[in-house]
Amino acid sequence: MAENQKTKSGNQKRSARRRAPFQMRISTKYAPRKVAEGERRSCIKDTSLTHDQLLELYRYLKLTRLVEERIVNLYRQTKVVGGVYRSLGQEATAVGSAYALRPDDFITPIIRDLGACFVKGIRPREILAQYMAKAWGPSGGKDLNVHFGYMDKGFIGPISHLGDMIPVMNGILLGARLQKRDLVGLAYIGDGGASTGAFYEGMNFAAVQRLPLIVIAEYNHYAYSTPTNMQTAIRNLVEKAAAFGIPGHIVDGNDVIACYEVTKRAVEHARAGHGAVLIEAKTYRRKGHAEHDDQRYIPEGEIEWWEQHNDPLDRFEKFLLDHQVATAEKLQEITAGVVREIDEDSAWAESSPMPEGEGAVYGVFDNSIVPPAFRPGVLES
Ligand SMILES: Cc1ncc(C[n+]2csc(CCOP(=O)(O)OP(=O)(O)O)c2C)c(N)n1
Ligand SMILES: [Mg+2]
């Protein structure tokens, strides 16, 4: 035996057995397909979802779109405090992926994943009260949109710093490992967020520790006004998986069934102890970064193209009708139920009082450890 072979460490031997350097494990099975001229896009047919589950997905998609429309409505009436962030055109990514989780799994969404919050059991009234900074909202008016969390529902609200929720999710998964719970964590990141240092450190740590982390990178073509090709030199975000030695998938982010199926496979991989997975969802942000953004930087006709040819709700409706999962009347009935729920919930949220001023100092830190800090004299006045 040659001297250099004799001195190879156990680690080197293991990695040599595992695979050749730079081999990419990227699946395009669920990637967007080209369609023939004049053909309308639908969704993939190959699915394990039952008819009832497909209709439940439809309800979540509709709920997401219509809750966001209601928030815009309230915003125009100046009832919303702060910005309004839409997921118009990318609802299928959040809904389909979150639907592949168990109730005790964790998610950490970003601003365009409202649909995933609903799948996780968050109610429209909570989101509406939160946007209006009302006392009955989950953060009691302290923060906005999806910036809140429920540990018992497996919902870690994001902070604004892009990328930072990936290391946070790693912490959750390490904790779960110590508790011998076979949880999976699903973190969402934008194309812009996938260029942060926190993203790289978090992904690398999860890969080395073989944590059951799934990251969905949403390629929606823009970060604020910056097109993706102006802030990363790679064509597909999933290529970054090679840097961490983990498998990757490209999925058609506007096909809710494909998003479910690809995440289901990633969940099986992660829960079986095989480690982290990166999924890139190809989608498109049809609204500006937030409602105040007039999208002047978008090339003419681009938004209209996506609206007419690649809307996730239109595509899923076509699928449901073509495959006789539902009639048009059934879909209308589901939509009417969603509208009723939103009407009730927005009346509830609007009827909430605004928070009391002194409430601002409670619940920021754990008050069983850190007492609320008042400036001298505040309580006496
Ligand atoms: C570390 C960090 N840098 C910058 C920002 C400001 N910022 C907030 S959202 C955003 C754009 C995010 O784009 P992307 O990650 O593509 O997500 P998208 O808005 O497209 O869903 C930026 C730059 C931030 N919140 N955190
Ligand atoms: Mg983006």
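**Close-up views of the ligand site and the enclosed cavity**

**View 1. Backbone contacts of ligand 1.** In this predicted model, an oxygen atom of ligand 1 lies 2.8 Å from a backbone N or O atom of G193. A polar backbone atom of G192 is 2.9 Å from an oxygen atom of ligand 1.

**View 2. Side-chain contact and burial of ligand 1.** N220 contributes a polar side-chain atom that lies 2.8 Å from an oxygen atom of ligand 1. Ligand 1 taken alone exposes 580 Å², and the protein buries 73% of that area.

**View 3. The shell around ligand 1.** Ligand 1 sits in the largest pocket. The ligand is surrounded by 13 residues, of which S160, D191, G193, N220 and Y222 are the closest. By residue class, the shell comprises four nonpolar, seven polar and two charged residues.

View 4. The largest cavity holds about 70 Å³ of space. Its lining consists of E68, I71, V84, Y85, R86, I111, D113, L114, I127, Y131 and V146. Two or more lining residues come from each of the elements α3 (51-76) and α6 (124-131).

**View 5. Residue classes in the cavity lining.** Which classes of residue line the largest cavity: nonpolar, polar or charged? The lining is made up of eight nonpolar and three charged residues, with no polar residue. Among the residues of this lining are E68, R86 and D113.

How values were computed. Residues are numbered from 1 along each chain as its sequence is written. Chains are lettered from A and ligands numbered from 1 in the order in which they are written. This is a predicted model: local features need pLDDT of at least 70, side-chain atom pairs count only at pLDDT 80 or more; totals for chains, interfaces and linings use all residues. Side-chain values use heavy atoms; hydrogens and water are left out. A residue is near a molecule or strand if one of its heavy atoms lies within 4 Å of it. A polar contact is a pair of N or O atoms within 3.5 Å; within protein, one must be able to donate a hydrogen and the other to accept it, and residues adjacent in sequence count only if both atoms are side-chain atoms. Accessible areas come from the Shrake-Rupley method with a 1.4 Å probe; for residues, only the protein chains shown count as cover. On a 1 Å grid over the protein atoms alone, a cavity is a set of points where a 1.4 Å probe fits but cannot get out, and a pocket is an open set with protein on both sides within 12 Å along at least five of seven lines; lining residues have an atom within 4 Å of a point. A molecule sits in a cavity or pocket if more than half of its atoms lie within 2 Å of its grid points. Ala, Val, Leu, Ile, Met, Phe, Trp, Tyr, Cys and Pro count as nonpolar, Asp, Glu, Lys and Arg as charged, and the others, Gly among them, as polar. Grid points are joined across faces, edges and corners, and a volume is the space filled by probe spheres set on the points. Helices (H or I, at least four residues) and strands (E, at least two) are DSSP runs, numbered from the N terminus.
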